[in-house]
Amino acid sequence: MKKLLPFLKGYRRDCVLAPFLKLCEASLELLVPLVVQAMIDTGIEGRAGNGYIVKMSLLLVGFALVGLGFSVTAQYFSARAATGFSSRVRWAIFDKFMNLSFADIDTTGRHAMLSRMTGDTAQLQTGVNLTLRLFLRSPFVVFGAAIMAFTVNTEVASVFIPVIIVLCVVVFGIMLYGVPLYKKAQGRLDKILSATLENLSGARVIRAFGLEEKQRQDYKRESEELLKRQKIAAGFSSLLSPVTFVVINIGIVAALIIGGEKINRGQMTTGEMVAIYGYLSQILVELIKMANLIITMTKSFAAASRIEACLEKPDEKLGEAVIEKGTPVGIKFDDVSFCYRGNKGDSLENISFMAGAGEHIGIIGGTGSGKTTLVNLASGMYKSKGVYLNSRPIGEYTIESLRKSIGYVMQKAEIFRGSVRDNLKMRCVNASDEELTEALKTASAYDFVEEKGGLDAPITQGSLSGGQKQRLSIARAIVGKPSLIIFDDSSSALDYATDAKVRGAIRALEWNPTVLTVSQRTSSVMDCDRIIVLDKGRCVGIGTHNDLLATCAVYKEIYDSQYKED
């Protein structure tokens, strides 16, 4: 929790005023039993008259109104600090996610980050709000009421000492064991969220295979496991309220017995007994509030530790070298091997090749051969030794320089809500409409974009087909004239004629970028300057289309499977 405290910077005044005003309210509350004592002993038994009683009653009304003002103002300051704090934490988590390396994103998972930004942050907001209002107020009232009771009658008030000691032991014991239980419950919640996201994103696949009932059962099983863990945590925490009631009521009974005997002996007035009872009642109410606060704080500490673990992940950092805009880019792989985190074997083994500036390199191979891994390394998405851009290790370049110099069309076309213009400008926010139009024409996307309303046409869920998404992704990668363009099987949804048209337009680009084209179609790579053939993570052939047909069995097998007639 300490690492999250800096997010409260800027709300110091609120964090001071909120508890201070609650203490002012509590101070007035502690005076109430004394006023009631005076009304009984002086106004009624002392026969001071109705005027005195009315004056004391008006004093109580005044206390209530002033206390209400303190309470409302304190609530305002605590709510403002809590919402501001949670907003900053949520932004920090989002910013951290945006700066994580692909490797860290793979291991953390989208569902975990989403859980931190929603449930955990909301829990923290509630915890901060209640803490500012009650963390000082409740102990202040408990110990203040005990001290005030001693000023009324020392012997009767001595009952407070063992009661408070026992309650402190109970409260801290439950807090100590409750945090790990809530952590386990929140971990299970991550799995529920992951299953929910998978079912939402794969709803069509689930229905296509008739797996609705199976998914329901799997979800039910995960939900029951979460319920089990939550019941254990909540059951343990729920002991706090009944134990508090039992202990404080035992103290009240003991105080009434002792006080009753003293009243009978004339050693204590009725007003004093009522005042002590009032203080005991205040302690009871505040301890119930504190019990709820402790439960909330226990959940908040569990949430805070999960958020801190997320924020402690290192940002993706590369070097300080810069690729100037328009500078041609050459690529070199020098005996590169790579293994994803958590995998036992390498996805790529001993890959070596060179691509000169302006060259078009094709990459082909079967499923799982390492094609996407190779271009991920070439773009700096993942880090590995032996990868060079313009004879310099890729790790020496700044992230911003790499992203501006490389246009990447990923395997899955991701198009965002907004307009066509918004999506195209993601690579270069200053691109003119003329540049955007040229990119659309290069990607053979201009005609369908015009039919939908041009650059300002809105993009919504389901408004584009798979091929349209891919062509729009290609256009987006071209905007800004990157020196290196990577196509990761980005024409899989295009027909052969459109694919050939797009490849021809890429060839004709005036700034002559270096191009890496990943594909399972030999037609998409056969006109490349050189083709790299991968098989089970190894390079089994490099050369032109004709050379590989003659020398590479894997390439010939792929080609024959697509073109050779039975």
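Trainee: In this predicted model, which residue of β11 is the bridge partner of Ile364?

Mentor: Strand β3, residues 360-365, and strand β11, residues 530-535, pair in the parallel sense over five bridges. Within β11, the residue that bridges to Ile364 is Val533.

Trainee: What is the order of the strands in the open sheet of six strands, and which are its edge strands?

Mentor: The six strands form an open sheet with mixed pairing, in the order β6-β9-β10-β3-β11-β12. Neighbouring strands of this sheet are turned against each other by 15° on average, direction ignored. Pairing on one side only marks the edge strands, which are β6 (406-409) and β12 (538-543).

Trainee: Where does helix α12 pack, and what angle does its direction make with that of β1?

Mentor: There is an open sheet of four strands in the order β2-β1-β4-β5, with antiparallel pairing, and its edge strands are β2 (348-355) and β5 (392-393). Helix α12, residues 371-378, packs on this sheet and touches β1, β2 and β4. Its direction makes an angle with that of β1 of about 125°.

Trainee: Over how many bridges do β1 and β4 pair, and what is the bridge partner of Lys332 in β4?

Mentor: Strand β1 (residues 331-338) and strand β4 (residues 387-389) are paired in the antiparallel sense, over three bridges. For Lys332, the bridge partner in β4 is Tyr388.

Trainee: Are helices α1 and α5 roughly parallel or roughly antiparallel to each other?

Mentor: The axes of α1 (residues 12-45) and α5 (residues 137-152) come within 10 Å and cross at roughly 25°. Since angles under 35 degrees count as roughly parallel, the two helices are therefore described as roughly parallel.

Trainee: What is the handedness of that crossing, and how many charged residues does the contact of α1 with α5 have?

Mentor: Helix α1 passes α5 in a right-handed crossing. The contact includes Leu23, Glu25 and Leu30 of α1, and Arg137, Phe140 and Met148 of α5. By class, the contact has nine nonpolar residues, three polar ones and, as for charged residues, four.

Notes:
Residues are numbered from 1 along each chain as its sequence is written. This is a predicted model: local features need pLDDT of at least 70, side-chain atom pairs count only at pLDDT 80 or more; totals for chains, interfaces and linings use all residues. Side-chain values use heavy atoms; hydrogens and water are left out. Axes are lines fitted to C-alpha atoms, for helices over the stretch in contact, and angles run from 0 to 180 degrees between N-to-C directions. Angles under 35 degrees count as roughly parallel, over 145 as roughly antiparallel, 65 to 115 as roughly perpendicular and the rest as oblique. A crossing is left-handed if the near helix is turned anticlockwise from the far one by less than a right angle, and right-handed if clockwise. Contact means heavy atoms within 4.5 Å. Ala, Val, Leu, Ile, Met, Phe, Trp, Tyr, Cys and Pro count as nonpolar, Asp, Glu, Lys and Arg as charged, and the others, Gly among them, as polar. Two strands pair if DSSP finds at least two bridges between them.
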